[in-house]
Every structure is written in C-alpha cells, then in structure tokens.
Amino acid sequence: MNEMDSIFELPDDLLATLIESFPCRDAQIRALATLLYPRAAPCRNLIIHGTEATGKTAITTGLLEALQSATDDGPPLKYAIVKSAECVTARHLFERTVGSVVDALEWEGTASVGRCETLAALTVELTRMLKENVEQEQENNSRRFVLVFDGIDRQREAPPTLLPALARLSEIIPNLTTVFILTTPTPSLLRVSSTPQLYFPPYTKTDFIAILSRPPYAPPPLPNTTPQETVDLWTRYAAAVHDALAKPASRSLPGLSRACAALWPRFTAPVAAGTHRAREFSKLLVAARAYFQDEGVLEPGIVLSGHSRDANTNGSVFAAASTTNGSNGHAPAKKGREETKATKDLATLLPPTARLLLVAAYLASHNAPRHDQTLFSTWHTGRRRRGGGGGGATGAIRASKRTKHRKIARKLLGPSAFVLERMVAIYAATRREWDSDGGEEGVVGVGVDGDVGMAISTLASLRLLVRVGGTGGGDTMDRGGKWRVGVGWEVIRGVGRSMGVEVEEWLIE
Amino acid sequence: MAVDEVLGDSFEEKQHQAAYVFDPLDEADGANRPAKRRKVSKAPNQQGAEEPDSWLTFQPLFGGSENEQCVRLRQQLFEKSWSQIDKRIQHILRKANESTLGDVASFLQATPDRASTDKIPSAFIITGPNLASQDLLFEQFSETLQIQVDAKVVRLRSGDASNLKAALKKIIHDVTARETDDENDQELAMGKDGRKYLNYDLEALYAHFKTKPRSHIIIAFQDSEAFESGLLSDLISLFSSWLNRIPFALLFGVATSVELFQARLLKSTCQCLYGDQFDVEQSSSIIEKIFKAAIAFSDAPLRLGSSLVNSLLERQRDQVSSIPVFVSSLKYAYMCHFYANPLTVFLSDDKKDDILQEEHFEAIRCLPSFRRYVETAIEKGEIEQARSLLDDNSQLREFLHDGIEGSRRWSLDILRKLKVLTVGGVLSTDFSEIYLDAISRGIDTDRIAEFTDSVKRLQPTDLTVFLNQVLDNLDNGDPSLGLDSWANENKDSHAFFTKALSTTKALQADAETKGNSLRSKYNGQTKVLRTTVIAQKVQLSHDTATLTREDSLYTELIDDLVRHLKETLHCDSAKDLCMNEIWLFDSKAPYKDVFIPRPRGVVERALSRPHDYLNCSCCETKGDQIVPGLPPVAILYQLYLETGSLINVADLWSAYYAIVGEENEEALEEQAALVLFYRGLAEMRAMGFVKQSRKKADHVAKLAWKGL
Ligand SMILES: Nc1ncnc2c1ncn2[C@@H]1O[C@H](COP(=O)(O)OP(=O)(O)OP(=O)(O)O)[C@@H](O)[C@H]1O
Ligand SMILES: [Mg+2]
C-alpha cells in the first residue's frame with residue numbers, strides 16, 4: 001500500500017490486469033488512468049484519438065468499468081458511454097446522452113426526462129442532474145462523473161457547434177470529465193492545445209504478433225502437437241499472414257485476426273493429417289503458398305458457407321464462425337455454389353428485352369451522341385455502318401486513331417449520362433438488327449410498349465440503370481430524365497454475346 | 001342525415017372557393033368532421049349488404065336487353081370458376097417456396113451465439129429479377145419463421161425506406177407493433193419506466209425486446225438491390241453495433257447474384273455479415289405447374305386457345321418472367337370471356353331454362369361452328385334434324401346441352417390421350433407445347449406417327465418402362481391435371497396394355513434363358529444401318545435371318561401396340577367441335593390492350609390522326625395532310641415532327657399562323673390564333689413533348705421523337 005504515498009494514487013493492481021489483457025498498450029492505459037482517476041490528475045476534457053481498431057473503445061470501457069468497481073468505500077467515479085455509431089441524428093445523440101446519464105446515476109426523476117432537442121437543452125438537463133448528484137454527496141468531494149462520446153467525429157447530422165459545445169459541459173458542471181474518442185482528429189481540434197490528448201498509435205508487426213498470441217486469438221492446441229509447439233507455429237504463422245496481406249489498410253487487428261483464423265485450418269491440415277510436423281514451418285508454408293496469395297481467402301467478404309472452399313478440412317476448428325458455417329449442411333452449400341456460377345452472369349438472368357435495353361444503355365453511355373447517326377441510321381446506305389466492320393469511313397477513322405492514339409479506350413472510362421429518349425431510340429434501332437427471331441414482322445412491331453417500360457424499371461430497380469441528377473423518384477415514363485448505365489464492360493460483353501452481338505463493333509472511340 | 005347534408009354542402013362550397021378562409025369559430029364544426037366522415041364512409045357498406053347490386057359489375061349484353069338474371073349468372077360463373085383455379089394456383093405458389101423456407105429456417109436455427117462471432121447471420125435468397133413475385137415469398141417467410149424459429153420478421157421494401165430514419169421507424173414500428181394514431185408524434189412511449197424514445201431509436205426496440213424476448217429479430221430486405229447501398233451499409237453497421245443486445249438476422253432478396261450485391265456494399269459492411277445463399281424454384285417450372293393447374297386442368301370451365309396462351313408464355317419468356325402477371329393475365333382472359341359472351345350462361349351446371357331469352361337462341365344460330373354443323377348436316381341429307389335445330393328452341397336447347405357435355409368429355413379425352421402421348425418423354429417437347437398443339441390442331445395422324453415411330457424403336461426394357469407408366473397413368477390418373485383413374489372406362493386399353501406388358505416380360509425371360517437378347521426387327525435395322533454402311537445389304541438380310549422366334553413374337557407385339565395406339569389416340573381439335581365459341585377463348589386483343597399498354601403510341605396517333613378518336617368531319621384528313629380544322633395541338637404536332645431538336649417558337653408560330661390564318665376561308669383572327677397557339681404549346685409541354693431550353697432564348701427543346 002505504499003502507492004498511497006505518491007501523489008497519484010493509481011490502483012495499480014487494477015491496471016495490471018488490464019495491461020495484461022491489452023498488450024502493447026500499457027503506456028496508454030496508465031496515461032488514461034491518470035487523467036481519469038479522481039485521486040490522480042483528473043482533467044476536464046480529454047481527446048483520445050487513433051486509427052481504427054487500436055483499442056480505444058475497448059480500453060476506455062475496460063478501464064472505466066474497473067475503476068468504477070474499484071474501491072470499497074463506494075465507487076470513486078461513475079461514467080456513461082454514448083456511441084455515436086448508434087445515434088442517427090444529433091437529437092438522438094442528446095437523448096441517448098441524457099438516457100445513459102440517467103442510467104448511470106440511477107436517477108429517480110425519470111418522468112421529467114423527456115425531449116432533449118438541442119445542445120442547450122442537453123446542457124440544462126445534464127447540469128441539473130449532475131449538479132444535484134454532486135450536492136447530494138458533498139461529503140465525498142472527489143467524486144467524478146466521466147462522460148464518454150465514442151466516435152463523435154462520425155456522428156450523423158452533427159451540427160458544426162457540436163464538439164465545442166460538448167467541450168464546454170465540463171466547464172459548467174463541476175467534477176465532470178468529458179472524453180472524446182475520435183478516429184481522425186480535425187486540424188482545428190489540434191490547434192486548441194489546452195485539451196490533453198491521448199494518442200493510440202497503430203500497431204506494429206511485433207505488436208500484432210504479441211496481441212494475436214494471447215487467448216481470444218490464439219488457437220487451441222493442434223492434434224499430434226504439444227501446446228508449446230502450437231504456440232510457436234501460430235506465432236510464425238501470424239507473422240507470415242501479416243506479410244502476405246497486400247494492402248496495409250487491411251492490416252488492422254480484426255482484418256489480421258480474421259485472415260489468420262480463416263487460413264489456419266488449411267495451413268495446419270497437413271499437421272492434423274500427420275504428413276508434416278508442426279515444427280516444419282517452411283514446408284507447411286510452401287504447401288499453403290497458394291492460399292497465401294489468394295485474396296479471396298485472406299480477405300473474405302460476406303462469408304458464405306459455400307465459399308469455405310474445402311469445408312471438409314475445417315475439422316480442426318477453433319473459430320466459432322467457421323465451425324457453424326461448415327456444419328450447416330454441405331449439400332445445399334455445394335449446390336449453392338454451382339448455382340452461383342450460373343447466375344453470376346446477368347445474361348442468363350435477364351429476359352431478352354431487358355438485355356437489349358441494357359446494351360442500349362451501355363452504348364448510349366459510351367458513344368458520343370454525334371456518332372448515333374452513323375451508327376444507327378439506315379438513311380443513306382441502307383445498311384448500318386458500325387464501328388468495326390462494314391463501313392469503310394468509320395473503319396478508317398478508327399484505324400488512324402488506333403495508330404496515333406494514346407487515349408484511354410472509351411469503354412474503360414466511366415459511363416456518361418444520357419437522355420432516356422436516346423436510349424430508347426438506340427434500343428428500337430438495335431432491336432430490329434439484333435432480334436434474330438423478330439424477322440420482318442419485328443420491323444413493324446418494334447414498338448415501345450408497356451413491357452419496355454417495365455423492363456426499364458426492372459433495370460432501374462436492380463440499379464443496372466441509374467438515374468443521375470434530379471430527384472430520387474426516377475420515373476421511367478419521363479423520357480427527358482438523365483440516366484447512366486450501372487454495369488461495366490465485362491458484363492455488357494457477356495450480355496451482348498448471349499444475344500450473338502459483339503458490342504465492341506458498336507462502339508466508336 | 002340533415003346535418004350531414006348541410007355539412008356536405010358547405011364542403012362542396014369550399015371546394016370551389018379560390019382560397020381557403022380560415023375561420024377559427026368554425027373549429028367545432030371542423031373537429032366534428034372526421035367523425036362525420038367516418039360515418040359517411042361506413043354508409044356504402046351497409047348499403048352493400050342490403051343491395052347486392054353493388055356487387056354486380058357485369059353489364060347487360062344483347063345491346064342492353066339481356067335480363068338481369070343472366071348478367072348475374074355470368075358474373076357468378078366467372079367468380080366461381082376463377083376462385084377454384086385461383087385456389088389451386090395459390091396452393092402451387094405456396095408449395096413452391098416450401099423447401100426454401102425450410103432451408104432458411106434450419107440455417108437460422110443453426111446460427112451460433114451472435115456475441116461470439118460478431119457477425120449478423122444473413123440469408124441471401126436468389127429470386128431472379130421477377131420482383132413482383134417476392135411478396136408472397138416474404139409473406140411466407142414471416143409466417144413460417146415466426147413459428148419455426150421464434151422470430152419476429154420485419155419486411156422492408158426499398159419504397160418504404162428512403163432514408164435511414166424512415167427505415168428504422170418502420171422496423172421499430174413493426175416489431176413493437178403498436179399502432180400510434182398520429183404519425184406526426186415523434187415520440188414512442190415505451191418500457192416499464194415510461195421512458196420515451198425517438199421513433200427511430202433502436203433502444204425502443206431493445207426495451208420492447210426485453211419484455212418480450214425472441215430468438216431472432218429478422219429484417220427482410222425484399223428487393224435489396226433497389227436499396228441505396230449507403231443506406232444498407234448504415235443499417236447493417238447499426239445492427240451489428242446492437243448485435244450484442246438484440247439478436248438480429250437478415251434476409252436479402254437478391255435478384256442478380258450475391259457477388260454483384262456484395263460489390264455494392266462497403267467491405268467493412270460485408271465483414272459484419274455471414275450467411276448462405278438459397279435458391280427459389282425456377283419460375284419456368286412454376287409456370288409449367290400453373291399451366292397444368294389452371295389452363296390444362298380437366299374441369300377448367302373454359303379452354304384457353306393456343307394463340308392466346310402461346311403469346312402469354314412468350315411474353316413471360318421475353319419480357320417479365322413474373323408469375324403474378326401471368327396469373328392475372330389468365331384471370332383477365334376468363335373475365336373477358338364471361339363478360340363479353342352472353343352464351344356463357346349455358347356453362348352453368350343447373351339448367352335455368354326460364355331465364356333464357358330469344359336472343360340467346362338467335363346468337364347460337366349465328367355461331368360459325370353451328371352454321372358449319374347445320375351445313376354439313378344438310379349435305380349429309382339430315383334435313384329434318386337441321387330444320388328442327390333452326391326452328392325449334394327446345395330442340396336447340398337439347399342439342400346445346402349435349403354439346404356442352406360433349407365438350408367436357410372431349411376435354412377429358414384429350415388430356416387422357418395426352419397423358420399417354422407424353423409418357424416416358426418419347427416426344428421430347430414439354431407438356432405445355434404438346435397440349436397447346438393438341439388444342440389447336442387436335443391429335444392428328446402426323447403427331448401419332450411421330451409418336452409411334454419412336455415407340456417402335458423401343459428396346460424391350462424401355463418398353464416395359466413405357467407400358468408400366470402408361471398403366472400407372474390409367475390406374476392413378478394425374479392429380480396435377482385433375483385426372484382421376486380412367487382404367488374402368490377404358491377397360492379394353494387397360495387389358496391390352498397389361499397383356500402387352502406381361503408378354504414382353506415373358507418373351508424377355510425366354511430370350512434370356514436361351515442366351516439371346518430380345519429385339520424387334522425395328523431395333524435391329526437401326527443398329528445395322530448405323531454400324532456398317534458398305535455391307536448394308538448383306539448385313540440386313542443377315543439380320544432378319546437371325547430374328548429368333550421370340551424376336552418375331554416381340555415384333556408382332558410392337559406392331560399390335562402401334563396399331564392400338566394409332567386407333568385410340570386420335571382426337572379432334574377444339575375448333576372442330578360444334579359451339580366451341582361458348583367454352584373456348586382465344587383472342588389476344590383485349591389482353592394485349594390491357595396488359596401491354598402503348599401510351600406513347602396512343603398519344604402519337606391521337607395527335608397525328610385526331611379523327612380516329614374524335615370522329616368528326618372537321619378533322620378528316622387524307623394521309624398526313626394538315627388542314628386548318630384540326631385541333632391546334634394536332635397542327636402543332638405535325639409541325640413539330642418536322643423540326644430539329646431545338647425549336648424556334650417564333651418560327652413555329654408563323655408556320656402555324658400560315659395554316660390557320662388569313663389565307664383560309666375560316667380564317668382566325670391573329671389574337672384568337674395566338675391564344676390557341678399558346679394553349680396548344682402548353683398542352684405539348686404538359687404531355688412532355690417540349691421543354692424550355694436553356695441553350696437559346698425563345699427556343700424550346702424537342703423531347704420526343706415519333707415512334708419510340
Ligand atoms: N492491444 C490489444 N490487445 C488485445 N485486443 C485488442 C487490443 N487492441 C484492440 N484490441 C481488440 O480489437 C478490437 C477493436 O478494438 P476497439 O473497438 O477498441 O477499437 P477502436 O480503436 O475503438 O476502433 P474504432 O476507431 O473503429 O472505434 C476489440 O475487440 C479489442 O478488444
Ligand atoms: Mg471504437
């Protein structure tokens with residue numbers, strides 16, 4: 001108990017457990033404790049900042065909880081955490097703040113807690129509650145309240161005065177500490193230097209490995225292997241995964257732990273099967289090389305059970321997610337995957353009219369309107385001249401452009417907007433040409449009827465055709481509206497080929 | 001009542017006022033209004049109960065002289081017959097989704113504790129682009145999952161959720177299912193301590209959830225592609241933030257593919273999800289089932305003809321592939337038939353001769369098929385019969401009755417024959433095609449020959465399978481077509497097939513004991529022809545020479561079978577039957593007009609040839625000639641067609657005035673012409689043909705080209 005002697009009475013035993021469960025953060029934990037603990041050097045406002053997943057939330061929460069339950073003679077502090085991520089509007093934030101303060105204080109006068117629409121109302125409400133709280137327990141003067149705004153820089157619909165106003169709360173209310181957790185502190189915040197700031201730097205490779213070697217991340221021992229061997233293998237393996245992750249952006253703690261967990265069963269499959277020993281790290285690495293280069297494995301998007309490619313090797317599993325994924329039936333999962341391939345291309349999915357319209361939209365987006373005449377008109381030649389074959393003139397233009405061009409191919413550029421009427425005109429023109437079974441009767445019958453309108457709105461609802469500008473209610477009856485195609489060249493080429501059309505021939509660069 | 005009237009009057013009055021004058025003294029009156037309104041809106045219902053006429057929507061035919069009982073009967077017939085069909089269709093649709101429902105339910109049951117994985121379980125349901133049919137699917141989801149996995153399902157459509165707040169509001173409202181009367185109220189009172197929450201605060205949902213826990217709160221995004229991706233990302237990250245308190249699960253209706261869908265979301269959002277994808281039954285196979293249950297079904301009161309149904313099926317393939325549209329097209333066809341054909345009263349089962357009118361009999365005598373029948377009767381010399389049909393109504397009634405009976409027998413007959421014809425996939429086309437062909441052409445000798453040719457070539461083992469299936473059909477019928485067993489009615493056929501089956505088996509066994517494999521001469525030939533071409537002749541004779549006794553018996557059996565099939569399978573086409581007009585509907589026009597409207601085409605026609613619609617002498621034109629008598633907007637439209645994409649209004653005016661102005665006999669004054677011109681131009685603008693151009697002053701932009 002000789003810490004009592006020092007000016008800063010930090011509860012070291014509490015901190016010890018926290019430091020142990022959050023490796024590589026002891027400096028931050030100590031600093032935070034000093035700035036929050038009533039008997040140390042509590043401050044009024046505090047900014048905690050650092051990039052994603054650097055432990056800001058976890059450590060702040062952990063520390064406050066520990067401090068609250070610390071002392072026997074009643075808690076030295078109470079706290080409330082408001083997550084901006086869960087607040088949809090500023091008003092929502094205010095009401096949540098009041099609500100959580102009420103909860104933290106176990107405030108009785110809840111009936112009076114009602115609307116809190118503005119910053120001013122929030123200030124009044126908080127002042128009322130917290131001041132009273134202090135008065136009630138005057139004898140214990142060291143009592144503090146810590147109010148944490150987590151991720152306040154990402155608050156939706158935040159008024160510009162939000163941060164300054166919240167920062168003033170602690171000036172008005174005694175014994176209040178306001179903590180702001182930010183991911184990217186704005187320059188203006190940094191200019192005000194009076195507020196203490198605590199920086200959570202991103203982890204280095206050694207940090208990552210240290211963290212990953214601890215319980216929530218480290219795997220259970222492998223079969224045919226001692227625990228120590230497993231730990232050694234895991235450590236080297238984690239380092240290898242860290243290096244394999246191409247983008248530094250995905251080298252965050254969750255990304256890394258996800259990749260490690262996803263790959264581990266496959267990586268250790270030879271060990272489980274008995275073909276390799278756990279000590280033969282480089283052999284294992286060579287065996288699993290393909291996986292290390294596969295982004296799909298390292299950075300899975302939505303985990304589909306069907307996509308855990310060899311679900312059968314998932315036998316030795318420690319991650320709950322992959323266990324259950326593997327277990328909910330292989331048969332449907334497999335079937336699902338095969339189907340995916342089939343449904344992947346839109347060509348099989350969309351009805352013919354919609355396909356024609358989609359290609360027309362692509363052409364309208366990628367050809368300049370001044371070329372339409374040449375491309376689609378039968379006025380002079382009786383035969384359409386297309387970009388590729390046939391028409392000598394355009395062919396020559398293209399060729400000459402080819403030789404000297406250093407321009408980017410038009411199809412690689414983003415789509416430009418077009419007027420809907422133009423797309424429909426292209427549709428009508430191309431349909432006559434492309435619709436194989438339309439025949440002569442088709443020439444007369446090409447009309448733009450309700451079904452075409454329906455196909456357009458289907459495409460719009462699938463966001464394959466996107467309305468630009470204007471209001472959100474993209475009415476397909478309004479032919480004056482501006483639209484843009486929503487899919488890229490690869491898809492369109494497939495759709496075109498499904499109708500026997502080389503879309504390339506209809507593009508003029 | 002008197003008060004109501006007064007109120008109504010004052011209301012009327014106000015409607016025509018140029019401005020609404022707010023009079024606070026009027027308030028008592030105003031406060032009363034909603035209550036009164038409600039009263040008024042109730043009134044028609046009560047009336048409806050007293051006066052069944054509001055139900056009667058069909059119109060009297062025969063130029064209005066059809067009596068009311070007949071009109072009523074037709075409508076009843078329509079409603080009854082369609083409701084039966086609809087019941088079958090609904091059953092099929094519900095059945096079709098069942099396996100998907102089961103899969104999703106077991107997926108959700110198998111979800112691990114959410115806290116441990118940090119991910120929201122999500123089911124991706126690959127529905128294909130028929131957005132309209134997803135409603136039923138998701139309705140079933142919310143029913144089934146509620147029971148099977150103790151879940152509360154909230155269905156969201158992109159239309160419901162234009163922004164985050166609206167989406168949350170709907171979710172919270174639907175979960176808590178508390179009807180708050182005034183929508184404007186921002187607060188929701190919730191929780192036991194009476195704390196109030198904003199109506200988009202998930203805390204409210206949490207508070208409700210604590211009092212009524214469930215294993216899952218499922219949010220279903222019906223048309224997930226139509227949601228703005230930012231909104232989806234926001235919602236998903238919110239849910240995942242609450243996941244440690246509320247057990248969310250998600251359903252996504254995906255029209256394209258999970259990959260395309262995923263590409264639209266933020267990567268960090270994707271990492272909050274894990275799940276599986278589920279397929280629904282292909283719409284083409286559902287259509288085939290509906291086809292059987294609605295169109296081909298044995299006691300369908302109305303036969304839909306092949307040209308109509310083919311155009312429906314084709315549209316289904318080419319355009320929309322949406323099942324509800326298909327179903328309502330069928331319903332519309334039924335409605336059209338009963339609505340417009342006075343003779344449909346004869347389809348009623350109970351003979352209500354007393355309501356028949358002279359017109360009915362006249363109409364029958366005018367039917368083309370009836371005339372054809374009478375003419376052939378006269379040709380055959382049955383003058384007496386023909387005369388009595390033409391003169392005697394009661395004779396005609398009898399004849400009619402038999403005709404309807406005959407048509408029912410024919411329907412049954414053709415289905416039974418088709419069941420044989422489609423056995424074992426001998427003819428490779430699908431049922432709907434064969435059926436429609438049979439309806440329009442009958443089962444003619446060509447079809448039968450095509451069929452028997454392939455039967456001939458069957459190997460003995462295949463033949464036993466074939467015969468077994470035929471017998472199975474005879475014995476059990478086909479419930480999907482509403483066919484009962486017809487073995488008893490066709491004893492001969494049944495006996496024949498049974499015998500053929502046993503003989504084949506016996507011959508096969510005999511041949512086997514002798515170490516030969518049984519074949520007919522039809523099998524042999526094809527084989528030889530295929531193997532050696534040069535030695536064809538030698539091989540052929542060699543082949544027939546080696547036909548064993550069993551082989552030739554088998555060949556005989558095949559010959560018998562083919563003969564039997566040829567004798568029994570023939571069937572007339574629907575159009576050959578007398579008075580088929582009563583129970584056969586095959587016209588495409590009304591359906592096309594209603595289901596595939598051509599608004600642009602109609603407007604263009606009205607503008608370029610107003611006479612088609614107005615039918616007045618002043619607008620009669622030859623070709624595209626412009627005459628001053630046309631409505632101004634029509635004249636403007638003609639001029640408009642000749643312009644480029646930017647139109648100088650002054651030029652347009654002078655061109656217009658040149659037509660309607662001085663040089664004509666009925667010349668307009670300039671002022672009057674100008675007024676008409678402006679009105680016409682305003683109409684053009686209202687119809688979306690022109691808009692103000694920003695490029696040049698005094699110009700308007702041309703927006704619409706003809707023929708699109
Ligand atoms: N040093 C560490 N040791 C162990 N686990 C850690 C450490 N740092 C972070 N984590 C874990 O990483 C995860 C993400 O941490 P946390 O949510 O605190 O990050 P954050 O900095 O608040 O991120 P964001 O800016 O996105 O809010 C948590 O599960 C946390 O437990
Ligand atoms: Mg955080």
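Trainee: How many salt bridges does the structure hold over all chains?

Mentor: This is a predicted model, and over all chains the structure holds 38 salt bridges. A pair counts when a side-chain nitrogen of Lys or Arg lies within 4 Å of a carboxyl oxygen of Asp or Glu.

Trainee: Which residues are linked in a network of salt bridges?

Mentor: The network links Glu86(A), Arg96(A), Asp201(B), Glu203(B) and Arg245(B).

Trainee: Let us turn to single pairs. How far apart in helix α17 of chain B are Glu405(B) and Arg408(B)?

Mentor: They are three residues apart, which means a separation of about one helical turn. Helix α17 covers residues 393-421 of chain B. The side chains of Glu405(B) and Arg408(B) form a salt bridge, with 3.8 Å from N to O.

Trainee: What joins the side chains of Asp413(B) and Lys417(B)?

Mentor: A salt bridge joins them, at 2.9 Å from N to O. Asp413(B) and Lys417(B) also belong to helix α17 of chain B; they are four residues apart, so about one helical turn separates them. Asp413(B) is partly exposed, with a relative accessible area of 30%, whereas Lys417(B) counts as buried because its value is 14%.

Trainee: In which helix do Arg679(B) and Glu683(B) lie?

Mentor: Both lie in helix α30 of chain B, residues 670-686, at a spacing of four residues, about one turn of the helix. Arg679(B) is exposed, since its relative accessible area is 52%; Glu683(B), at 33%, is partly exposed.

Trainee: How should I read the span of a helix, for instance that of α4 in chain A?

Mentor: One compares the distance from the first C-alpha to the last with the span expected at 1.5 Å a residue. Helix α4 of chain A, residues 90-105, has 16 residues and reaches 23 Å, close to the expected 22 Å. After α4(A) comes Glu106(A), whose phi is positive, near 50°.

Trainee: Why is α4(A) described as largely enclosed by the rest of the structure?

Mentor: The reason is burial: 15 of its 16 residues are buried, so the rest of the structure largely encloses α4(A).

Trainee: How many residues of helix α7 in chain B are buried?

Mentor: Helix α7 of chain B spans residues 202-211, and eight of its ten residues are buried, so this helix too is largely enclosed. Among the buried residues are Leu202(B), Glu203(B), Tyr206(B) and Phe209(B).

Trainee: Against which elements do the buried residues of α7(B) pack?

Mentor: They pack against α4 of chain A, and against α6, β4, β5, α8 and β6 of chain B.

Trainee: What does the surface show? Which residues form a nonpolar patch there?

Mentor: Val602(B), Tyr613(B) and Leu614(B) form the patch, with about 290 Å² of accessible area together. Val602(B) lies in helix α26 of chain B, residues 599-608, and is partly exposed because its relative accessibility is 41%.

Trainee: Where is Lys499(B) found?

Mentor: Lys499(B) is in helix α21 of chain B, residues 491-513. Its relative accessible area is 59%, so Lys499(B) is exposed. Between the C-alpha atoms of Lys499(B) and Ser517(B), 18 residues apart along the chain, the separation is 21 Å.

Trainee: How many helices and strands does chain B have?

Mentor: Chain B has 30 helices and twelve strands. Of its 708 residues, 47% are buried. Chain B exposes about 35,600 Å², of which carbon and sulfur atoms supply 51%.

Trainee: Finally, what is the mean pLDDT of chain A?

Mentor: The mean pLDDT of chain A is 74, and 70% of its residues reach 70 or more. Where pLDDT is low, the predicted coordinates should not be read in detail. In chain A, pLDDT stays under 50 over residues 1-7 and also over residues 387-406.

Definitions and conventions:
Residues are numbered from 1 along each chain as its sequence is written. Chains are lettered from A and ligands numbered from 1 in the order in which they are written. This is a predicted model: local features need pLDDT of at least 70, side-chain atom pairs count only at pLDDT 80 or more; totals for chains, interfaces and linings use all residues. Side-chain values use heavy atoms; hydrogens and water are left out. Patches are made of residues with over 30% relative accessible area and no salt bridge: like charges are joined within 9 Å, nonpolar side chains (Val, Leu, Ile, Met, Phe, Trp, Tyr) within 5 Å. Accessible areas come from the Shrake-Rupley method with a 1.4 Å probe; for residues, only the protein chains shown count as cover. Helices (H or I, at least four residues) and strands (E, at least two) are DSSP runs, numbered from the N terminus. Buried means under 20% relative accessible area, exposed over 50%, partly exposed in between (1.4 Å probe, protein chains only). pLDDT is the predictor's confidence in each residue, from 0 to 100. Contact means heavy atoms within 4.5 Å. The expected span of a helix is 1.5 Å times one less than its number of residues.
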